[in-house]
Amino acid sequence: MRSARIAEVAPEGAAEPAHISIRGLVKRFDKVTLYDGFDLDIARGSFVSIFGPNGCGKSTLINMAAGILPMDGGSVLYGGKTVKDTRIGYVFQNYREAVFPWLRAIDNIAYPLKFLRLGKAERETRIERILAGFDVKIDLNRYPYEMSGGQQQLVSIMRAMVIEPEVLFLDEPFSALDYEMTMFLRERLQHALSAQKVTTLLVSHDLDEAVHLANEVLLLTKKPTQVAARLRFDAPRPRTEETSISPEFIRVKGESLRIFREEVRK
């Protein structure tokens, strides 16, 4: 019997209904069925890391949930609302393609605010708030091509957060960065999320990162993809380097690795 704590769907009538509800999700690529009747509930304000075998559709899952990729069947609702009626923030893995090279960094950050019906004063307040939250020390009047990869990804993250999203999707946002910048961005992201109650889903191929950042690790099976397990990790925040050597971190990582290996061998 698995020793991990398996998080279950909240029963009907529970005080805290799911924020993200995925029902009967279907996705096929040519003759390959990736998802077939996939169900998932995510609690409001939770930080969930998605981890699983290569090709199981981790990025595809959040792309469908975010409305970037069409579904072949099923539904995704956010507190009963569709994705069109929900403020979504999304951070892509490839920051070079995500930022607009013809805009200065500060204009990249401010860009999504033009689609919200906000006055000039409120737009400026939001920009000031996000810059303070990330403790920005770089010159944001530069263009992306004048910045390092880590600085470009910082701009991309702030752009996703400046709208004060209800839901934030992170698709391997640190995988192309060096270790020092990764640690800095992880710390800044945690700080920013602590100031906003944002339901966050992170796709990661790094198990240490998946456990370190999340309060729940969602482990997926091989395709047709289902949920293999949901493991809680309730270490206090902000998470630090010491978190990664704590007994609970080691336990959750070990259990995650065991389940992952079982799925890979199938």
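**Strand pairing and overall form of the predicted chain**

In strand β4, Gly73 is the bridge partner of Val26. The structure is a predicted model, in which local features need pLDDT of at least 70 and side-chain atom pairs count only at pLDDT 80 or more, while totals for chains, interfaces and linings use all residues. Residues are numbered from 1 along each chain as its sequence is written, and side-chain values use heavy atoms, with hydrogens and water left out.

Strand β1 (residues 18–29) is joined by nine bridges to β2 (residues 32–43), and these two strands run antiparallel; two strands are taken to pair if DSSP finds at least two bridges between them. Ile20 stands opposite Ile42 of β2. The hairpin that β1 and β2 form has two residues between the strands, and Asp30 in its turn has a positive phi of about 55°. Five bridges also join β1 to β4 (residues 73–78), again in an antiparallel arrangement.

The chain as a whole contains eight helices and nine strands, where helices (H or I, at least four residues) and strands (E, at least two) are DSSP runs numbered from the N terminus.

Confidence is expressed as pLDDT, the predictor's confidence in each residue from 0 to 100; its mean over the chain is 91, and 94% of the residues reach 70 or more.
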